[in-house]
Amino acid sequence: MSVIVTAPPGQAEVVEAPVRRRRRARERHQLAGWLFVSPFVVVFAAFLLAPLGYALYLSLYTKGLATGTTFAGFKNYTRAFSDPSFRKGVWFVVRFSLVLIPVQMAVSLGAALALDSLVNRFAKMSRLVIFLPYAIPAVIGALMWGFLYSPTFGPLKQLLSVFNTQAPFLLSQGNVFYGLMNIVTWQWAGYYMIILYAALKGIDPSLYEAARIDGANSWQIAVRIKIPMIASAFVLILVFALIGTLQFFTEPQILGPIANGTITPDFTPNIYAYNLAFSYAQFNYASAISFSLGIVIFIAVYVFLFATRKRGSLFT
Amino acid sequence: MTTIRAARRAATRRSAAAPAGRERHVVAYLFLIALVFYFLIPVWWLIVASTKDAHGLFAGSGGALWFDKNFNLIDNVRELFTYNHGEYLRWFGNSVLYALTGGIGATLISVFAGYGFAKYRFVGRNLLFAMLLGSIMVPLTALVIPTFVMMSHLRMTDTIWAVILPSLLSPFGVYLMKVYAAVAVPDELLDAARVDGASEARVFFQVALPLLRPAIVTVLLLSIVGTWNNYFLPLAMLSSSKLYPLTVGIGLWEQLASSNNGGGQSLWNLIIVGSLVSIVPLVIAFLTLQRHWQSGLTIGSLK
C-alpha cells in the first residue's frame, strides 16, 4: 500500500480565486460533507443514541403490578450494584478477562512472530488455519467444543483410558472457567494474530538489517524492534478483547443446556440481563443492568487506554 | 530486479544459517505445527462427526476423531434439509438475507461516512467524530435490550427489520474507512477533478471510490461475518422460528436435543451436519477473497 503525503488542509485551495467563488465552494463543501455522513448520523442516532437514552430512561423507572410505572431515581442502580447476581457476574467477567486476555495475546503474538519469521507455503497455510475460527459463528464453536469436552464420548476419554484415568468434565464447576477460556482463545486468537501480522509486515525490513549489523540476534530483534513497532496494533486488539470479553454471552448461553447446571442464569451480566428481560419481563431492571455493564466496560476501556497513553496515537 | 532480489535472499539465507537463526526457525515450526493442530481439531471433529449416524456419534467404532464404519453423510444432509418441513433451509436463507442486507448496508454507510470525515471539513465534524470514537467503546450487546423495547413500541420486533436495521450500525467500519481514505485518496486528485468542473458526487464515485476498493472489501467482509455470526440480537428480537437465522435455529435445536432428544428423533446429528453446512459459505468467502482482506486488514494498524 502506498502512503501518500497529503498537503495540510487549506494549502491546496486555489489562493487567487475570487472571494465570492471561494465562499460558494466552501458552502458546497459544507453541504457535501454533511450529505456524506448523514446516513451514518441517522443510523447512529436511531440505533445507538436512542437506545442508550432510552435505556437510561427505562432504568430510572420501576414497573410494579399494583403500582404501575413509577419514578425510581437511582434505585435500580443501587439495586444492581448490591445485587449478588450482578456482582457475581461482573466479578466473573473481570476475572475471566484478566486470565484470558494475556493467554490470548501470547498465542496471537507468538503466532504472528513465528509467521513473520517464515516465508513459505507452510506459513501461509498455517496463517489461514489459525484464522479459520473467525469465520465460524461462536454458536458453532461452542457446540463443537462442548462435544469435544464430553467425558463419555469425547476424545479425552479415549486418550485418558490409555492411562487408565477417567476423563474430567471440562464444564464442571471447577473446570468451566478454563473450558470457556479455551473456547474463546480458539475463536478469537486468529483474528488478533492477523491484525498483528499485518502490522509486522508494515515494518521497514531495513531496520532488521541495521540491527543485525549491530550484532542483534533474532530474539533481540523481536523484543526490541518488532514488538515496540506494533504497539498501537497491540493496543487496538487489547481493546477489542476487553470489550468482547466483558460482554461475554454466546458461549455460556449455548453451553448452558449441556453443562449440567454449572452455567447459571446469572453467569455473566449479559446473560443475567437477557434472562431478566425475557424470562421475567423485568425490562426496567434489565435496562439498568445493561446500562451499568456498558458503563463498567466504557470506564474499563478508557482507563486502559489512559494507562497505556495510546489515546492520541490510536484514535485520532 | 528478480535476480537482485534472489541474490539478496540467498545472502540473507546464508547469514541466517547461523546456529541461532536455525534454532529459532525450528522453534517457530514446532510452535506453528502445534497451533495448526489445535485450531484444526474441532473442525476435523465436525467433518468426521457429520458422517456418522446417531449410534456412531455416541458409541461409534472409530472414536470421536475418526470415521465410523457406517458412512452416513448423505442421509444426514438429506434429513437436515427435510426435517420439520425444511426449516433449516429457511434459516439458511434468512442468514443470507440478514448478512447480505446488513453487511452491504453497513458497508455503504461506512464508505460514505468515512470519506466524508476524511475529506470534508464541515461544522460539527470534530464533535461527531469524537462521538464515533467513543461509541467504538460502547458494548453493542448492552444496546440489545433497550433496542428491543424501543422496537416493540413501534411493533417492529419479530420482523426482519428488527435484525437488519440495528446491523447497519458499524462505527468501527466508519473508523476504518476514514483512516484508509485519509491516506489512500490524495486531496490534490480531488481538487484537480473539481477544477475540471466535476460535481462532489462525481468526484466521489469516479475518483475516490476506485481508490477505496481494498478497504471496501475488508469492511464488507467484516460486517457480513458480524451479521452472519450474530446471536444475541436475533435471539432477543425474533420469536417466530421461521424468521430465525442459522445461529438461533441451531441454538434452538440444541435446546430441544438436550431437553427431550427431539421427540424420539436424535437431533444431534442434524445439529452437527447443520453446523458444518453453515460454516461453508464464510470459509469459502474467506479463502477466495484472502488477497483482498489480508491487505485490507493493515488499515487498522496504519497508525
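## Where the chains pack helix to helix

Helix α13 of chain A (residues 283-308) packs with helix α6 of chain B (residues 144-153). Their axes lie 8 Å apart, at an angle of about 145°. The model is predicted.

Which residues of α13(A) and α6(B) meet? On the α13(A) side they are A:Phe283, A:Ala286, A:Ser287 and A:Ser290. On the α6(B) side they are B:Ile145, B:Pro146 and B:Val149. Five residues of this contact are nonpolar and two are polar. No charged residue takes part.

How many residues does each chain give to the contact? Chain A gives 93 residues, and chain B gives 80. On the side of chain B that touches chain A, the largest share comes from helix α2 (residues 19-50) of chain B, with 15 residues.

That side of chain B has 53 nonpolar residues. It also has 18 polar and nine charged residues.

Chain A has 316 residues, and 41% of them are buried. Its secondary structure comes to 14 helices and two strands. Take the contacts in chain A between residues at least 6 apart in sequence: 68% of these join residues at least 24 apart.

The largest nonpolar core holds 172 residues. Those with the most contacts inside it are A:Met193, A:Ile195, A:Leu196 and A:Ile289. Helix α7 of chain A (residues 176-201) supplies the largest share of this core, 16 residues. What does A:Leu196 touch, leaving aside residues up to four places away in sequence? Its partners are A:Ser108, A:Leu109, A:Ala112, A:Ile230, A:Ala233, A:Phe234 and A:Ile237.

## A partly exposed phenylalanine

A:Phe122 sits in helix α4 (residues 121-131) of chain A. It has 14 other C-beta atoms within 10 Å, so it is partly exposed. Being buried would take 20 or more, and being exposed 12 or fewer.

How far is A:Phe122 from A:Asn182? In sequence they are 60 residues apart. In space they are 25 Å apart, C-alpha to C-alpha.

## A helix pair inside chain B

Helix α4 (residues 73-119) and helix α7 (residues 160-167) of chain B come within 8 Å, axis to axis. The axes cross at roughly 30°. Angles under 35 degrees count as roughly parallel, so α4(B) and α7(B) are roughly parallel to each other. Is their crossing left-handed or right-handed? The crossing of α4(B) and α7(B) is right-handed.

From α4(B), the contact uses B:Leu97, B:Tyr98, B:Thr101, B:Gly102 and B:Ala106. From α7(B), it uses B:Ile160, B:Val163, B:Ile164 and B:Ser167. By class, six residues of this contact are nonpolar, three are polar and none is charged.

## Positive phi in chain B

Most residues other than glycine have a negative phi. B:His85 is not a glycine, yet its phi is positive, near 60°. B:His85 is found in helix α4 of chain B. It counts as exposed because it has 9 C-beta neighbours inside 10 Å.

B:Arg155 is not a glycine either, and its phi is positive, about 55°. Where is B:Arg155 placed? It lies in the loop between α6 and α7 of chain B. B:Arg155 has 8 C-beta neighbours inside 10 Å, so it counts as exposed.

Terms used
Residues are numbered from 1 along each chain as its sequence is written. Chains are lettered from A and ligands numbered from 1 in the order in which they are written. This is a predicted model: local features need pLDDT of at least 70, side-chain atom pairs count only at pLDDT 80 or more; totals for chains, interfaces and linings use all residues. A nonpolar core is a set of buried Ala, Val, Leu, Ile, Met, Phe, Trp, Tyr and Cys residues joined through C-beta atoms within 7 Å. Helices (H or I, at least four residues) and strands (E, at least two) are DSSP runs, numbered from the N terminus. Two residues are in contact if their C-beta atoms, placed from the backbone, lie within 7 Å. Ala, Val, Leu, Ile, Met, Phe, Trp, Tyr, Cys and Pro count as nonpolar, Asp, Glu, Lys and Arg as charged, and the others, Gly among them, as polar. Axes are lines fitted to C-alpha atoms, for helices over the stretch in contact, and angles run from 0 to 180 degrees between N-to-C directions. Angles under 35 degrees count as roughly parallel, over 145 as roughly antiparallel, 65 to 115 as roughly perpendicular and the rest as oblique. A crossing is left-handed if the near helix is turned anticlockwise from the far one by less than a right angle, and right-handed if clockwise.
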